[in-house]
There are 2 protein chains.
Amino acid sequence: MSQERAENFGKAKNAGTRIAARAPEPRLALGNRVFTAEKVLLTRMMESLGNPPLALVLWDGQEIAGTGSQPIARVLIRDHGALLKLIANPELEFGEMYTAGRIEVQGILADCLEAIYRAMMRRARYGQITQKLLAPFNAPLRNTVPRARRNIHHHYDIGNDFYKLWLDRDMVYTCAYFSSPSAGLEEAQAAKLDYVCRKLRLTPGETVLETGCGWGALALHMAKHYGVMVKAYNISKEQIVFARERARTEGLDGQVQFIEDDYRNVAGKFDAFVSVGMLEHVGVDQYQALGAVIDRSLKDTGRGLVHSIGRDRPSPMTPWIERNIFPGARPPSLSQMMQIFEPFGFSVLDVENLRLHYAKTLEHWLLRYEANVERVEKMFDAAFVRTWRLYLAGSLAAFRSGDMQLFQVSFNRAGQNRIPWTRQYLYTS
Amino acid sequence: MSQERAENFGKAKNAGTRIAARAPEPRLALGNRVFTAEKVLLTRMMESLGNPPLALVLWDGQEIAGTGSQPIARVLIRDHGALLKLIANPELEFGEMYTAGRIEVQGILADCLEAIYRAMMRRARYGQITQKLLAPFNAPLRNTVPRARRNIHHHYDIGNDFYKLWLDRDMVYTCAYFSSPSAGLEEAQAAKLDYVCRKLRLTPGETVLETGCGWGALALHMAKHYGVMVKAYNISKEQIVFARERARTEGLDGQVQFIEDDYRNVAGKFDAFVSVGMLEHVGVDQYQALGAVIDRSLKDTGRGLVHSIGRDRPSPMTPWIERNIFPGARPPSLSQMMQIFEPFGFSVLDVENLRLHYAKTLEHWLLRYEANVERVEKMFDAAFVRTWRLYLAGSLAAFRSGDMQLFQVSFNRAGQNRIPWTRQYLYTS
């Protein structure tokens with residue numbers, strides 16, 4: 001954790017009381033008075049966010065930037081410094097100040113964030129030009145092999161015990177597949193693993209390459225229920241240790257090999273390729289490298305599936321998420337995803353957008369997380385609790401509002417005619 | 001028809017006898033002797049095509065360019081001029097010389113063409129760089145409103161009676177949907193119309209915009225079976241006349257309005273947008289214009305479907321097809337198709353590749369066509385019969401080999417949550 005982050009986290013622990021009661025921060029010599037110019041800037045900021053239906057409430061009780069429509073939540077800005085930061089860079093600082101306890105939300109956090117996403121989407125609908133102009137400044141870091149390792153370590157190696165608190169029993173940390181919205185999370189994650197296997201049309205004795213295997217649930221499911229041999233790659237040390245242990249416990253270590261290495265270093269020839277929830281971390285500039293890996297790894301009869309968070313159009317990552325949660329991550333648009341397949345002439349058979357299934361998955365995760373915040377706070381601290389609450393609620397809001405998509409892309413070698421005649425088989429048991 | 005075409009067509013009428021019996025063509029002063037250099041060039045040509053398993057047989061009985069593998073068909077080159085043209089530009093001149101009767105195929109034409117496609121695809125697998133270098137020279141003409149009209153007139157206005165000979169009873173001139181490969185064509189075209197309606201989730205009283213409506217089958221199906229109001233655009237005069245007549249006959253002219261105009265001139269707001277088999281003629285440089293049309297035509301709850309022939313990667317149209325069959329046409333890759341949707345932030349929900357269904361559709365069309373060649377020859381001439389045989393067999397080969405794809409892309413306005421929870425509903429009646 002950086003020095004600055006540590007300081008913010010420290011502050012957050014004392015964030016229960018109103019900032020107005022504190023001494024003014026030294027670098028804000030003007031104290032906590034709100035100036036007319038700041039109110040104008042705050043109104044402009046709300047406009048730039050598309051005027052979401054929220055009430056902004058300052059530390060002294062002033063309410064600012066009413067938008068005409070009935071507010072669905074109240075955003076409390078607790079000190080002058082937080083106000084200035086928010087005006088300067090709302091997309092980053094809303095999260096930073098929320099984590100630090102200097103911004104609070106009265107109302108349902110996910111609904112508040114969904115309203116912000118929806119307002120920004122309305123605003124952005126004809127905003128392509130601005131987005132293109134800004135694109136170079138939002139370019140993610142190039143994910144070289146060592147940088148990818150640092151990025152993944154940052155998120156996935158914070159402790160399996162933490163993830164156990166709110167994931168399903170199989171530790172599947174990707175979008176589930178709910179046969180109906182009322183299905184439970186355990187059932188929906190098992191259904192997702194199966195849905196992926198069926199889309200891959202696995203048959204016993206085949207070999208599968210998996211890149212980005214998380215805690216190993218899919219690899220073990222494929223081996224156990226479809227009788228295939230799996231080589232599964234991951235650069236998260238903790239996840240690999242966990243997955244190997246599970247393979248041994250379940251007697252599947254003869255069928256599944258968990259390898260701690262980068263996807264760019266895979267070797268061998270396989271009947272199928274699968275990657276669920278890795279692409280978000282690959283970075284668009286490495287898609288052709290990933291395509292080359294798939295191309296050299298697949299047999300001539302090979303086929304594959306890539307499951308990834310995506311966007312309706314190429315867009316930068318929310319800067320707060322990129323800084324705090326997923327360094328180096330960038331969910332692609334479909335045209336960007338095609339950079340994996342088109343240069344190698346793979347034939348895309350099926351693309352399915354499961355956006356609302358990810359919203360539902362996140363509802364479950366958020367509920368389980370909230371039921372365990374006391375344990376989370378003991379493991380880490382209050383700021384961590386707030387950071388992860390914002391991340392989970394924000395992701396839920398992003399999928400509900402349509403800011404984020406979830407794409408499953410099934411593909412084959414070009415010209416392969418041993419493909420399903422229709423998709424009917426996926427919907428009959 | 002150009003002077004050159006007319007001459008070729010004239011020659012073709014006398015093409016029943018071996019060219020060797022004719023006087024040498026005046027501009028080929030060397031006569032019909034085959035030189036070693038030409039044999040070398042012919043071998044190189046076969047290499048450049050990826051060495052398809054075909055035997056080339058010259059007018060004097062010489063067999064050239066055996067490839068090692070057992071030939072599946074014999075290609076007879078009937079004179080020296082045809083040989084020289086073929087060597088110079090095989091992708092264009094194979095078709096030109098076939099149409100002129102100066103090249104013949106012994107064996108099943110579609111199988112021969114499939115072998116050529118498959119060989120070229122193997123060859124092209126790592127040939128991106130060449131393809132990129134050639135791309136500017138293969139750029140299609142820009143399809144302005146008047147040019148689009150000329151292009152469409154060329155193909156679709158050659159006579160409804162001709163199309164009636166080999167299309168289904170509803171005159172659906174696009175890929176059908178076969179619930180099983182053994183389904184009949186009439187059944188499969190009706191199933192396709194229904195599948196499109198179900199993907200669009202039409203409900204009675206809704207309004208639909210259709211661009212490129214052919215002879216009106218889909219518009220009438222939507223009106224009749226889904227109770228919607230349709231505005232259907234087309235720039236083919238003959239098709240519009242036919243469709244209007246059919247609407248009157250079936251008493252649907254109150255629900256369906258057939259408009260002879262360019263898609264760029266549509267007006268109004270609609271619940272759904274659909275376009276089946278038009279995109280191939282739009283030209284990639286006009287995709288953003290098409291996206292803008294959809295964007296200004298769809299209500300906020302709107303959704304749509306685009307059905308189009310496509311490619312695994314951006315590729316030029318076969319030059320013979322572009323010259324003789326579909327001027328200005330260019331089937332897109334998926335990344336190219338996304339240029340319709342991404343600039344406007346439409347949310348792609350579902351992409352289905354129905355390539356093998358188009359191969360099956362073409363099998364039916366070709367069989368019906370062959371059963372009616374005598375009538376076709378009376379309507380036109382022998383060269384026309386050969387041109388259309390090559391086009392239908394070549395298209396069948398292209399879909400079977402995987403050179404061509406068929407994409408159905410379903411989309412919605414961004415952030416719309418009234419979307420199907422799963423695709424199960426498409427597979428239960």
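The points below go from the pair of chains to the sheets and then to the domains.

1. Please keep in mind that this is a predicted model.

2. How many residues does the contact take from each chain? It takes 37 residues from chain B and 37 residues from chain A. On the side of chain B that touches chain A, the elements giving two or more residues are helix H5 (109-124), helix H14 (334-341) and strand E10 (347-353) of chain B. Of these, E10(B) gives the most, with seven residues.

3. What kinds of residues make up that side of chain B? There are 14 nonpolar, 15 polar and eight charged residues on the side that touches chain A.

4. Look next at the strands that meet across the two chains. Strand E10 (residues 347-353) of chain A pairs with E10(B) in the antiparallel sense, over three bridges. To find your way along this pair, look for Glu352(A), which stands opposite Asp350(B) in E10(B).

5. Chain A also has an open sheet of four strands, in the order E2-E1-E3-E4 and with mixed pairing. Why is one side of E2 (63-64) and of E4 (103-106) in chain A left without a neighbour in the sheet? Both strands stand at the edges and each has a single partner strand, so one side of each has no neighbour there.

6. Within this sheet, strand E1 (residues 54-58) of chain A and E2(A) pair in the antiparallel sense over two bridges. Val57(A) has Glu63(A) in E2(A) as its bridge partner.

7. Finally, chain A is divided into domain 1 (3-135) and domain 2 (145-427). Between them, 20 residues of domain 1 of chain A are in contact with 22 residues of domain 2 of chain A. On the side of domain 1 that touches domain 2, helix H1 (3-13), helix H4 (90-99) and helix H5 (109-124) of chain A are the elements that give two or more residues. H5(A) gives the most to this side, with seven residues. By class, this side of domain 1 of chain A has 10 nonpolar, five polar and five charged residues.

Notes. Residues numbered from 1 in each chain as written. Chains lettered and ligands numbered in written order. Predicted model: local features only at pLDDT ≥ 70, side-chain atom pairs only at ≥ 80, totals over all residues. Contact = placed C-beta atoms within 7 Å. Nonpolar A, V, L, I, M, F, W, Y, C, P; charged D, E, K, R; others polar. Pairing = 2+ DSSP bridges. Domains from an automatic or database assignment.
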